[in-house]
Amino acid sequence: MTETILILSDRPDGQVKQLRTALRSHGFNVQTLPLADIGFDTRYPSGIAVPRMNGALPAAVIVRSISSGTFEAITRRLGILHALAHLGVPVWNSAKAIERCVDKSTTTFFLAQAGLPTPETFAVESLANAKIIAERELTHGPLVLKPLFGSQGRGIRLIRSIEDLPQPEEMDDVYYLQRFVARPGPPYCDYRVFTCAGEVLGMMARRAEGWITNIAKGAKAEPVIGPLMSKLEELALAASAAIGTDFAGIDIIPAADGKLLVLEVNSMPAWSGLQSVVPVRIADCIAAALVTRIEPDIGERPAA
(Lines give C-alpha, C1' and ligand atoms only; values in the text may rest on other atoms or scores of the structure.)
Protein backbone atom coordinates (compact mmCIF):
# COMPACT_ATOMS: atom_id res chain seq x y z
CA MET A 1 0.00 0.00 0.00
CA THR A 2 1.28 3.46 -0.90
CA GLU A 3 2.16 5.50 2.15
CA THR A 4 0.60 8.90 2.79
CA ILE A 5 2.34 12.12 3.78
CA LEU A 6 0.24 14.86 5.34
CA ILE A 7 0.78 18.52 4.58
CA LEU A 8 -0.91 20.51 7.33
CA SER A 9 -2.06 23.86 6.03
CA ASP A 10 -5.13 26.06 6.25
CA ARG A 11 -4.83 27.16 2.64
CA PRO A 12 -3.46 25.38 -0.46
CA ASP A 13 -1.04 28.13 -1.50
CA GLY A 14 1.64 27.82 -4.16
CA GLN A 15 4.19 26.43 -1.76
CA VAL A 16 1.81 23.70 -0.59
CA LYS A 17 1.20 22.78 -4.23
CA GLN A 18 4.97 22.63 -4.86
CA LEU A 19 5.46 20.31 -1.87
CA ARG A 20 2.57 18.11 -2.97
CA THR A 21 4.05 17.71 -6.45
CA ALA A 22 7.53 17.02 -5.09
CA LEU A 23 6.33 14.38 -2.61
CA ARG A 24 4.19 12.63 -5.21
CA SER A 25 7.23 12.36 -7.46
CA HIS A 26 8.74 10.12 -4.75
CA GLY A 27 5.73 7.79 -4.96
CA PHE A 28 3.77 8.96 -1.92
CA ASN A 29 0.12 9.79 -1.58
CA VAL A 30 -0.23 13.34 -0.31
CA GLN A 31 -3.14 14.68 1.69
CA THR A 32 -3.50 18.35 2.56
CA LEU A 33 -5.72 19.39 5.45
CA PRO A 34 -5.84 21.77 8.40
CA LEU A 35 -4.30 20.52 11.63
CA ALA A 36 -7.65 21.35 13.26
CA ASP A 37 -9.26 18.47 11.33
CA ILE A 38 -7.14 15.78 13.04
CA GLY A 39 -8.57 14.43 16.27
CA PHE A 40 -7.76 12.20 19.17
CA ASP A 41 -9.79 8.95 18.98
CA THR A 42 -9.10 6.12 21.41
CA ARG A 43 -11.09 3.63 19.31
CA TYR A 44 -7.94 3.23 17.23
CA PRO A 45 -4.65 1.67 18.47
CA SER A 46 -2.87 4.84 17.34
CA GLY A 47 -5.29 7.05 19.27
CA ILE A 48 -5.32 9.46 16.32
CA ALA A 49 -8.06 10.03 13.76
CA VAL A 50 -6.95 11.53 10.46
CA PRO A 51 -9.78 12.13 7.96
CA ARG A 52 -10.00 9.37 5.33
CA MET A 53 -7.25 7.29 6.97
CA ASN A 54 -9.43 5.08 9.24
CA GLY A 55 -7.06 5.22 12.18
CA ALA A 56 -3.91 4.59 10.13
CA LEU A 57 -0.89 6.84 10.59
CA PRO A 58 0.82 8.88 7.89
CA ALA A 59 4.40 8.20 6.91
CA ALA A 60 5.28 11.79 7.83
CA VAL A 61 3.82 15.23 8.42
CA ILE A 62 4.91 18.65 7.14
CA VAL A 63 3.45 21.61 9.02
CA ARG A 64 3.01 24.56 6.67
CA SER A 65 0.63 26.64 8.77
CA ILE A 66 -1.43 26.57 11.95
CA SER A 67 -4.40 28.91 12.00
CA SER A 68 -5.17 31.15 14.95
CA GLY A 69 -7.55 29.91 17.61
CA THR A 70 -8.34 29.86 21.29
CA PHE A 71 -5.74 28.80 23.82
CA GLU A 72 -7.57 25.48 24.14
CA ALA A 73 -7.64 24.91 20.37
CA ILE A 74 -3.95 25.67 19.88
CA THR A 75 -3.02 23.48 22.86
CA ARG A 76 -4.99 20.58 21.38
CA ARG A 77 -3.45 21.01 17.93
CA LEU A 78 0.07 21.03 19.32
CA GLY A 79 -0.91 17.99 21.37
CA ILE A 80 -1.73 16.19 18.11
CA LEU A 81 1.77 16.97 16.80
CA HIS A 82 3.35 15.79 20.04
CA ALA A 83 1.29 12.59 19.88
CA LEU A 84 2.27 11.86 16.28
CA ALA A 85 5.94 12.25 17.15
CA HIS A 86 5.45 9.98 20.18
CA LEU A 87 4.07 7.35 17.82
CA GLY A 88 7.18 7.56 15.66
CA VAL A 89 5.82 9.72 12.85
CA PRO A 90 8.37 12.29 11.62
CA VAL A 91 6.82 15.74 12.05
CA TRP A 92 8.54 18.61 10.24
CA ASN A 93 8.71 20.86 12.16
CA SER A 94 8.12 19.26 15.53
CA ALA A 95 5.72 20.74 18.06
CA LYS A 96 8.70 21.63 20.23
CA ALA A 97 10.40 23.55 17.41
CA ILE A 98 7.15 25.30 16.47
CA GLU A 99 6.54 26.31 20.10
CA ARG A 100 10.07 27.73 20.31
CA CYS A 101 9.68 29.70 17.07
CA VAL A 102 6.12 30.99 17.36
CA ASP A 103 6.91 32.58 20.72
CA LYS A 104 9.61 35.13 19.84
CA SER A 105 10.74 35.46 23.45
CA THR A 106 11.45 31.72 23.61
CA THR A 107 13.35 31.90 20.31
CA THR A 108 15.53 34.69 21.67
CA PHE A 109 16.12 32.78 24.91
CA PHE A 110 17.46 29.71 23.09
CA LEU A 111 19.55 31.78 20.69
CA ALA A 112 21.17 33.62 23.59
CA GLN A 113 21.67 30.41 25.56
CA ALA A 114 23.51 28.97 22.54
CA GLY A 115 25.84 31.97 22.56
CA LEU A 116 24.58 33.32 19.23
CA PRO A 117 24.65 37.07 18.60
CA THR A 118 21.16 38.51 18.90
CA PRO A 119 19.90 41.98 19.88
CA GLU A 120 19.27 42.64 23.56
CA THR A 121 15.68 41.61 24.20
CA PHE A 122 13.11 42.06 26.98
CA ALA A 123 9.71 40.36 27.21
CA VAL A 124 7.35 41.29 30.02
CA GLU A 125 3.67 41.44 30.86
CA SER A 126 1.77 44.66 31.65
CA LEU A 127 2.26 48.22 30.47
CA ALA A 128 3.75 49.13 33.84
CA ASN A 129 6.58 46.64 33.43
CA ALA A 130 7.10 47.70 29.81
CA LYS A 131 7.46 51.31 30.95
CA ILE A 132 10.16 50.27 33.43
CA ILE A 133 12.08 48.57 30.62
CA ALA A 134 11.61 51.54 28.27
CA GLU A 135 12.65 54.12 30.87
CA ARG A 136 15.86 52.21 31.53
CA GLU A 137 16.73 51.14 27.97
CA LEU A 138 15.71 54.12 25.83
CA THR A 139 18.70 56.03 27.18
CA HIS A 140 20.76 53.68 24.95
CA GLY A 141 18.62 54.19 21.83
CA PRO A 142 15.27 53.15 20.33
CA LEU A 143 13.56 49.82 20.89
CA VAL A 144 11.50 47.72 18.52
CA LEU A 145 8.16 46.41 19.78
CA LYS A 146 6.94 43.21 18.10
CA PRO A 147 3.89 41.04 18.65
CA LEU A 148 4.97 37.94 20.56
CA PHE A 149 3.13 35.86 17.96
CA GLY A 150 3.33 37.29 14.46
CA SER A 151 5.07 37.15 11.09
CA GLN A 152 5.70 39.00 7.84
CA GLY A 153 6.46 42.27 9.61
CA ARG A 154 2.92 42.82 10.89
CA GLY A 155 2.48 44.90 14.03
CA ILE A 156 6.11 46.01 14.42
CA ARG A 157 6.62 49.46 15.98
CA LEU A 158 9.60 51.67 16.70
CA ILE A 159 9.64 52.88 20.31
CA ARG A 160 11.50 56.16 20.82
CA SER A 161 9.74 57.27 24.00
CA ILE A 162 7.61 55.78 26.75
CA GLU A 163 4.59 57.46 25.16
CA ASP A 164 5.08 55.26 22.07
CA LEU A 165 4.15 52.13 24.03
CA PRO A 166 0.63 51.00 23.04
CA GLN A 167 -2.13 50.15 25.45
CA PRO A 168 -2.28 46.58 26.83
CA GLU A 169 -5.29 45.51 24.75
CA GLU A 170 -3.32 46.21 21.56
CA MET A 171 -0.55 43.79 22.61
CA ASP A 172 -2.56 41.22 24.60
CA ASP A 173 -0.73 42.72 27.60
CA VAL A 174 2.61 41.19 26.49
CA TYR A 175 5.46 43.48 25.44
CA TYR A 176 8.34 42.01 23.45
CA LEU A 177 10.97 44.73 23.16
CA GLN A 178 14.21 44.38 21.23
CA ARG A 179 17.11 46.76 20.80
CA PHE A 180 16.80 48.60 17.46
CA VAL A 181 19.73 47.63 15.27
CA ALA A 182 21.09 50.70 13.50
CA ARG A 183 22.34 49.95 10.00
CA PRO A 184 23.11 51.80 6.78
CA GLY A 185 20.17 52.95 4.69
CA PRO A 186 18.03 53.65 2.89
CA PRO A 187 17.85 51.23 1.28
CA TYR A 188 17.98 48.97 4.31
CA CYS A 189 19.03 45.34 4.12
CA ASP A 190 18.80 42.11 6.05
CA TYR A 191 19.14 38.44 5.13
CA ARG A 192 16.94 35.34 5.04
CA VAL A 193 18.74 31.99 5.08
CA PHE A 194 16.77 28.80 4.45
CA THR A 195 18.03 25.68 6.21
CA CYS A 196 16.85 22.08 5.84
CA ALA A 197 18.17 18.89 7.46
CA GLY A 198 21.41 20.54 8.55
CA GLU A 199 22.17 22.21 5.22
CA VAL A 200 21.60 25.65 3.73
CA LEU A 201 19.35 25.50 0.67
CA GLY A 202 19.69 29.15 -0.22
CA MET A 203 19.81 32.72 1.03
CA MET A 204 18.70 36.15 -0.08
CA ALA A 205 19.22 39.76 0.79
CA ARG A 206 16.02 41.73 1.38
CA ARG A 207 16.19 45.44 0.54
CA ALA A 208 13.60 48.09 1.30
CA GLU A 209 13.33 51.86 1.60
CA GLY A 210 11.91 51.45 5.10
CA TRP A 211 13.63 49.74 8.02
CA ILE A 212 11.15 46.82 8.01
CA THR A 213 12.51 44.53 5.30
CA ASN A 214 9.97 41.72 4.95
CA ILE A 215 9.07 40.57 1.43
CA ALA A 216 5.39 40.73 2.44
CA LYS A 217 5.92 44.44 3.16
CA GLY A 218 7.36 45.14 -0.27
CA ALA A 219 11.07 44.43 0.17
CA LYS A 220 12.96 43.21 -2.91
CA ALA A 221 14.81 39.89 -2.95
CA GLU A 222 18.40 39.85 -4.18
CA PRO A 223 20.98 37.05 -4.38
CA VAL A 224 23.82 36.96 -1.85
CA ILE A 225 27.34 36.55 -3.21
CA GLY A 226 30.87 36.71 -1.84
CA PRO A 227 32.53 35.86 1.48
CA LEU A 228 29.49 36.97 3.48
CA MET A 229 27.75 33.75 2.45
CA SER A 230 29.90 31.54 4.66
CA LYS A 231 29.28 33.73 7.72
CA LEU A 232 25.53 33.71 7.12
CA GLU A 233 25.56 29.95 6.60
CA GLU A 234 27.44 29.34 9.85
CA LEU A 235 25.08 31.53 11.86
CA ALA A 236 21.93 30.09 10.30
CA LEU A 237 22.92 26.47 10.88
CA ALA A 238 23.82 27.24 14.48
CA ALA A 239 20.48 29.00 15.01
CA SER A 240 18.55 26.09 13.48
CA ALA A 241 20.39 23.66 15.74
CA ALA A 242 19.72 25.81 18.82
CA ILE A 243 15.98 25.79 18.16
CA GLY A 244 15.79 22.22 16.83
CA THR A 245 14.17 22.87 13.45
CA ASP A 246 14.15 20.44 10.53
CA PHE A 247 13.70 23.31 8.08
CA ALA A 248 13.57 27.01 8.83
CA GLY A 249 13.92 30.54 7.59
CA ILE A 250 16.56 32.36 9.64
CA ASP A 251 16.48 36.17 9.67
CA ILE A 252 19.88 37.82 10.15
CA ILE A 253 20.55 41.55 10.30
CA PRO A 254 23.85 43.41 9.79
CA ALA A 255 24.59 46.12 12.35
CA ALA A 256 26.28 49.39 11.43
CA ASP A 257 29.61 48.01 12.66
CA GLY A 258 29.31 44.99 10.35
CA LYS A 259 28.40 42.49 13.07
CA LEU A 260 25.71 39.97 12.09
CA LEU A 261 22.84 39.38 14.54
CA VAL A 262 20.22 36.63 14.44
CA LEU A 263 16.74 38.16 14.71
CA GLU A 264 14.28 35.29 14.28
CA VAL A 265 13.88 31.63 13.39
CA ASN A 266 10.74 30.83 11.39
CA SER A 267 9.48 27.23 11.60
CA MET A 268 6.78 27.71 8.94
CA PRO A 269 8.66 29.91 6.47
CA ALA A 270 7.48 31.08 3.09
CA TRP A 271 9.98 30.81 0.26
CA SER A 272 8.47 32.50 -2.78
CA GLY A 273 10.84 35.48 -2.50
CA LEU A 274 13.85 33.26 -1.92
CA GLN A 275 12.90 30.96 -4.79
CA SER A 276 13.12 33.92 -7.18
CA VAL A 277 16.87 34.35 -6.56
CA VAL A 278 18.21 30.82 -5.93
CA PRO A 279 18.65 28.01 -8.49
CA VAL A 280 17.55 25.08 -6.32
CA ARG A 281 13.89 24.12 -6.01
CA ILE A 282 13.15 24.63 -2.31
CA ALA A 283 10.12 22.30 -2.22
CA ASP A 284 12.01 19.53 -4.02
CA CYS A 285 14.85 19.76 -1.50
CA ILE A 286 12.51 19.61 1.50
CA ALA A 287 10.70 16.62 0.01
CA ALA A 288 13.92 14.76 -0.77
CA ALA A 289 15.30 15.36 2.72
CA LEU A 290 12.07 14.21 4.37
CA VAL A 291 11.84 11.07 2.24
CA THR A 292 15.43 10.18 3.13
CA ARG A 293 14.49 10.59 6.80
CA ILE A 294 11.33 8.46 6.74
CA GLU A 295 12.21 5.55 4.45
CA PRO A 296 13.93 3.45 7.18
CA ASP A 297 10.94 3.99 9.52
CA ILE A 298 8.07 2.94 7.25
CA GLY A 299 6.32 -0.12 8.62
CA GLU A 300 7.49 0.33 12.23
CA ARG A 301 4.48 2.30 13.50
CA PRO A 302 1.32 0.94 15.17
CA ALA A 303 -1.36 -0.46 12.86
CA ALA A 304 -4.89 0.93 12.75
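Let's start with two facing residues: R192 stands across from D251 of β14. What you see is a predicted model, where local features need pLDDT of at least 70 and side-chain atom pairs count only at pLDDT 80 or more, while totals for chains, interfaces and linings use all residues. Residues are numbered from 1 along each chain as its sequence is written, and side-chain values use heavy atoms, with hydrogens and water left out.

Strand β11 (residues 188-196) is joined to β14 by 6 bridges, and the two run antiparallel. Two strands pair here if DSSP finds at least two bridges between them. Helices (H or I, at least four residues) and strands (E, at least two) are DSSP runs, numbered from the N terminus. β14 also pairs with β15, again in the antiparallel sense, over 6 bridges; I250 has V265 as its bridge partner in β15. The hairpin of β14 and β15 has 5 residues between the strands, and G258 there takes a positive phi near 95°.

How much of β14 is buried? In strand β14 (residues 247-254), 8 of the 8 residues are buried, so the rest of the structure largely encloses it. Buried means under 20% relative accessible area, exposed means over 50%, and partly exposed is in between (1.4 Å probe, protein chains only). In a regular strand, side chains alternate between the two faces of the sheet. Here F247, G249, D251 and I253 point one way, and A248, I250, I252 and P254 the other, all of them buried.

Now for another sheet. It is open, with 4 strands in the order β2-β1-β5-β6, and its pairing is parallel. β2 (29-33) and β6 (91-92) sit at the edges with a single partner strand each, so one side of each has no neighbour in the sheet. Strand β1 (residues 4-8) runs parallel to β2 and is linked to it by 5 bridges, with T4 having N29 as its bridge partner in β2.

The peptide bond from W92 to N93 is cis, with omega near -5°. Helix α3 (residues 95-102) has A95, A97, I98, R100 and C101 as its buried residues. These pack against several elements, including β5 (60-63), α2 (71-86) and β15 (260-266), where contact means heavy atoms within 4.5 Å.

R52, in the loop between β4 (48-49) and β5, has a positive phi of about 70° although it is not a glycine. R52 is exposed, at 67% relative accessible area. D173 likewise is not a glycine, yet has a positive phi of about 65°; its relative accessible area of 30% makes D173 partly exposed.

Finally, step back. The chain has 8 helices and 15 strands. Its radius of gyration is 20 Å, close to the 19 Å that the globule rule gives for 304 residues, so it is as compact as a globular protein of that length. That radius is taken over C-alpha atoms, and the rule is 2.2 Å times the number of residues to the power 0.38. Of the 304 residues, 49% count as buried.
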